Amino acid sequence: MSAATEIAAAVRAGRRTARDVLEEHLARIDARESEVHAFNLVLADEARAAADAVDALVASGADPGPLAGVPVALKDNLCTRGVPTTCSSRILAGWRPPYDATVVQRVVAAGGVVAGKTNLDEFAMGSSTENSAFGPTRNPRDVSRVPGGSSGGSAAAVAAGFAPLALGSDTGGSIRQPAALCGTVGVKPTYGAVSRYGLVAFASSLDQIGPFAGSVADAALLLDVIAGPDPLDSTSSPRVPAALGPGLRDGVAGLRVGLIDELVDAEGVEPEVRDAVSRAAAALEAAGATVERVSVPSVVYGLSAYYLIAPAEASSNLARYDGVRYGLRVDGDDVATMNARTRDVGFGPEVKRRIMLGTYALSAGYYDAYYGKAQRVRTLITRDFARAYERFDALLSPTSPTVAFPLGAKADNPLAMYLSDVCTIPTNLAGHAAASVPFGTGRDGLPVGVQVLVDAEQEPTMFRVMQALEERAS
Amino acid sequence: MTDGSAPITRADVEHVARLARLALTDAEVERLTADLAAVLDHAADVAALDLDGVPPTAHPLPLRNVLRDDAVRPSLDRDEVLAAAPVAEDGRFRVPRILDPS
């Protein structure tokens with residue numbers, strides 16, 4: 001099912017109206033949103049106006065663009081001008097940004113219809129969307145379970161049919177892990193491939209925006225729209241990326257695929273998940289690829305390095321929430337007291353934990369032992385991947401060690417929650433691209449995601465592998 | 001203490017909270033002391049590695065000094081920006097006093 005591709009084609013050809021498409025999705029939201037809670041805010045009126053504008057363009061003979069009339073859900077850490085952007089935090093409740101994120105501008109310019117702002121773990125810190133100040137999102141496949149996180153609302157919105165496309169952000173797996181747990185496609189593009197102007201910063205050397213979709217073709221459609229250089233983001237790559245759509249079905253014959261030993265055998269990987277990865281490898285072989293095991297030894301240090309680097313960067317990025325320029329203020333007699341009270345009331349427990357961890361890791365006497373070491377591990381991981389990519393075009397691993405877990409199962413054990421990202425983190429540390437594709441089911445019939453990893457800027461190869469897997473997933 | 005092997009104490013947590021401008025409650029300090037100890041214990045594998053001679057990676061892109069043309073372009077509207085502030089006055093952000101009046 002390539003819902004978005006079909007909708008855009010039908011709307012551009014005048015066979016369907018964008019308004020009709022939107023009403024169909026709003027009806028699904030009405031029916032199930034109260035149990036799923038994918039959204040912090042549904043923008044029904046604004047979306048109706050946008051859909052009508054798309055229809056007016058078509059009626060006038062103009063082409064609204066490649067996303068014509070496609071509803072798109074936005075993670076609520078993407079700035080939308082005049083529309084509340086909360087990061088699911090009390091500290092930003094009610095804040096209306098004075099500008100749109102570049103990705104939002106590009107979606108709208110391509111004819112996309114913004115359907116709403118989706119729930120997340122506060123400031124994208126978490127793996128279950130339970131760390132939201134506005135209550136958890138539930139997995140549409142089984143509402144007693146988490147959707148994963150931190151982009152759980154975006155994953156759930158696509159899985160529930162609330163929107164065919166959604167945007168999320170991925171710092172250590174926050175697109176790929178919820179995509180796996182909800183049974184959708186989720187892509188973390190190469191660092192710098194998509195502008196982050198207007199993405200509320202968490203860990204700036206790791207953050208990247210990417211798409212959620214119901215199919216590989218739909219994910220390619222959205223990534224083609226949002227990728228490319230942006231003068232407003234000095235970390236965006238100056239290279240114009242190749243379009244993904246045209247080569248999508250070129251097949252995998254002759255491609256060399258490596259199965260990462262250390263991630264297939266990582267701590268806590270469920271046997272059913274391991275089995276799905278094996279079946280995915282066999283499917284690629286049947287399609288003409290060669291598959292071999294490969295060792296990327298230093299990825300075993302990825303989790304530890306990440307939980308020093310990401311909190312360190314977060315502690316710096318989140319210093320801006322000081323009760324002065326936007327969001328919450330809790331009064332105090334002097335500035336320092338006002339700052340500290342505002343931050344204690346405004347931030348939730350996980351955000352405080354990360355700020356504390358990061359501040360500690362950067363503080364005098366510990367910098368070399370923790371942050372400095374973690375940055376050197378990052379070099380080792382990048383070198384090991386470079387060696388693997390001399391022999392392989394793409395790598396394969398589980399996305400998440402487990403299928404979706406029950407709400408509350410890991411809420412009191414931060415370290416257990418952090419282990420959800422053990423397979424996704426190394427890609428962020430290296431700045432490469434990776435994606436999760438649904439491939440069969442695991443425990444309790446819940447979806448399993450297989451992760452496809454490639455070197456920087458090798459998205460065209462990654463999408464060919466993803467497409468081949470999708471065609472062979474049962 | 002610089003080898004990262006000493007366990008984190010309550011006093012460390014209180015010190016770090018001051019650096020991070022977080023007015024934590026006693027219960028939060030207690031909980032965070034345990035949580036941080038668990039994560040740092042997990043990170044001991046990294047802290048123990050001999051990585052002399054391995055350069056650090058701060059950033060995955062080899063970009064240097066990205067400059068834009070020095071040209072006038074539109075910026076954010078001041079009233080719109082100040083409308084988002086908790087307190088604004090005379091076109092500026094208003095904050096509690098910074099200097100001691102005595």
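**View 1. A:Tyr389, a buried residue in a predicted model.** A:Tyr389 sits in helix α13 of chain A, where helices (H or I, at least four residues) and strands (E, at least two) are DSSP runs numbered from the N terminus. A:Tyr389 has 22 C-beta neighbours inside 10 Å, so it counts as buried. The cut-offs go like this: buried takes 20 or more other C-beta atoms within 10 Å of a residue's own, exposed takes 12 or fewer, partly exposed is in between, and the C-beta atoms are placed from the backbone. From A:Tyr389 to A:Pro238 there are 151 residues in sequence and 23 Å in space, C-alpha to C-alpha. This is a predicted model, with local features needing pLDDT of at least 70, side-chain atom pairs counting only at pLDDT 80 or more, and totals for chains, interfaces and linings using all residues. Residues are numbered from 1 along each chain as its sequence is written, while chains are lettered from A and ligands numbered from 1 in the order in which they are written.

**View 2. Helix α9 of chain A and its two sides.** Buried here are A:Val273, A:Ala276, A:Val277, A:Ala280, A:Ala281, A:Ala283 and A:Leu284. They cover an arc of only 160 degrees around the axis, which puts them on the same side of α9(A); the arc is that of the directions from the helix axis to the C-beta atoms. An α-helix has 3.6 residues a turn, so residues three or four places apart point the same way. Over on the other side, A:Pro271, A:Ala282 and A:Ala286 are exposed. Just after the helix comes A:Gly288, with a positive phi of about 105 degrees.

**View 3. Helix α2 of chain B and what it packs against.** With 17 residues (26-42), α2(B) reaches 25 Å from its first C-alpha to its last, close to the 24 Å expected at 1.5 Å a residue. Its buried residues are B:Leu32, B:Asp35, B:Leu36, B:Val39 and B:Leu40. Their arc around the axis is only 130 degrees, which puts them on the same side of α2(B). Turned away from that buried side is a face with the exposed residues B:Asp26, B:Ala27 and B:Ala34. What do the buried residues of α2(B) pack against? They meet α10 (302-317), α12 (349-362) and α14 (414-418) of chain A, together with α1 (10-19) of chain B.

**View 4. Where chain A touches chain B.** Here 60 residues of chain A are in contact with 50 residues of chain B, contact being C-beta atoms, placed from the backbone, within 7 Å. On the chain A side, α10, α11 (335-346), α12, α13 (368-391) and α14 each supply at least two residues. The largest share of that side, 13 residues, comes from α13(A). The predictor gives the complex an ipTM of 0.92 and a pTM of 0.97.

**View 5. Chain B on its own.** Chain B has 4 helices and 2 strands, running α-α-α-α-β-β from the N terminus on. Its C-alpha atoms fill a box of roughly 50 × 45 × 25 Å along the principal axes. Of its 102 residues, 20% count as buried. Chain B averages a pLDDT of 88, and 95% of the residues score at least 70; pLDDT is the predictor's confidence in each residue, from 0 to 100.

Methods. Expected span 1.5 Å × (residues − 1). Contact = placed C-beta atoms within 7 Å.
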